[in-house]
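Let's take a friendly walk through this protein, starting with a pocket and ending with some ring pairs. Keep the 3D view open as you read.

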Amino acid sequence: MRTAPPDLPGSQTTDSPVDRALALMLADEGEAALRWAAAVVEHDVTPSALILTCRLLADAGRTEAATEGLELAVKQAIDAGNLPLAVAAVADLRQLGRAVDRYFDEIAASFCVGSSRLSDISSPPPPLPNFETFQPMSSFLAGPALLSKATSIVHGARERYQKGRELPPIAPLPFFSALEMEGLRALIAAFEMITVPAGQAVIVEGEEGAEAYIVARGELEVRRKPPPDDGGDVTLARLVNGSLFGEMALLSRTPRAASVVACRPSILLVARRDALEKVAQARPDVGIELAAHCRRRMVANLVRTSRVLIDVHPDARPALVERFETCVFEKGEKLIRVGEEASGLHLIASGEVAVVGYEPGEEPLVISTLGAGEVVGEVALVLRRKAVADVVAVHPTVTLHLPREDFISLIKDHPAILGSLYLSAIQRDDETTAVIANATTRVTDDYILV
């Protein structure tokens, strides 16, 4: 496997004591995990260590102490500006059977648009704790004695917090802080918490997904398979605290464009499409903002991969993309029909399409398949003729579509695009002619023409 460059944002070279505690907990080494997590809380209280400590106490039957600590973890996570970790603490409280409405209210009130807690100038983050010489609690502590010590540490953490509590300003969060309080509250209540060990694939490239995730604590890598004979997986990015990923599955049932693998033990929030659809139905403002967020993410990905957008000056790309409309195609649906004028230009944002040609008297044949970042419709538009092939969605596919009537205006404003599209149109037209002439690749059942 190719490793990420050392300067990738979020890169961490060593495991922390919280990593060690979470890994031990996931390995069902409860007492060892508690020695590490509770020692972190005693040393320098962090919300993630407090959540782990309280979960382990709850597993051992100390539910009152666990509740006390999780309530504190909610407040500390809010103060740290970590909305996902605050929601994770509430998820554990819900697992304990506690009423959680007031905690969701507190989180939403802190991060929603117009909140008095939000400030463009937030308080500086606390210095990173120094764990170079850190040691867990003694292995001689076990059973009831260990539980009593951990309970005492949780009590002490709460007392220290209450004595010196201030309400520091927190920075607005992209997407979340654009929502009204009620909408944000409904959204965060749709998420559940999961923990994953290092090395586990949360999302697998090519599989269909119906979930969106938020990193509450941890680190994951986005990996994509390279072309054949080109080595191991390519690491595209690292996801750290607060990162939202997998949300394109909420826009359509397109296969996952890349894998996401935990490179440290991680705490995640997860929400299924059906749960978020219910939120969007009850709160249309959430649905609108979520769709806008998905579009922004989709455009950001296309800017890095689409030849059409790469040829445009970076400063001009936002205005250009606003001309495109988002289209969703189900499997077997045609983007372009043979013999008809193209409705416009399609930039494939996710999914896959097949270019299907026809030889007189023969079955349809697949000329090529195209994925994210590719463009279709340019042959008919640039060469000013009717389409000579169908373009069919192989999977549910999302495109950015530029209507035909806007194409000429696009070329006038961004003439560099015409050269790229012309070369693409000539190459694809030659490829279509050659494949139809040889007629060697027949359509399979995967391409159902409707």
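The lining of the second largest pocket draws at least two residues from each of S4, strand S5 (234-239), strand S6 (244-245), helix H10 (284-305), strand S11 (344-350) and strand S13 (365-370). Helices (H or I, at least four residues) and strands (E, at least two) are DSSP runs, numbered from the N terminus. H10 gives the most, with 7 residues. In total 37 residues line this pocket, and Arg224, Leu236, Ala257, Ala258 and Asn301 lie nearest its centre. This is a predicted model, in which local features need pLDDT of at least 70 and side-chain atom pairs count only at pLDDT 80 or more, while totals for chains, interfaces and linings use all residues. Residues are numbered from 1 along each chain as its sequence is written, and side-chain values use heavy atoms, with hydrogens and water left out.

Now look at S4, which covers residues 220-224 and holds Glu221. Is Glu221 buried or exposed? Glu221 is buried, with a relative accessible area of 4%; buried means under 20% relative accessible area, exposed over 50%, partly exposed in between (1.4 Å probe, protein chains only).

On to the rings. The whole structure has 3 aromatic pairs, where rings of Phe, Tyr and Trp (its six-membered ring) have centres within 6.5 Å, and planes under 30 degrees apart count as stacked, over 60 as edge-to-face and the rest as tilted. Trp36 and Phe134 form a tilted pair, because their ring planes are at 35 degrees, with centres 6.0 Å apart. Both Trp36 and Phe134 are buried. Tyr213 and Phe245 are stacked, because their planes are at 10 degrees, with centres 5.1 Å apart.

Terms used. On a 1 Å grid over the protein atoms alone, a cavity is a set of points where a 1.4 Å probe fits but cannot get out, and a pocket is an open set with protein on both sides within 12 Å along at least five of seven lines; lining residues have an atom within 4 Å of a point.
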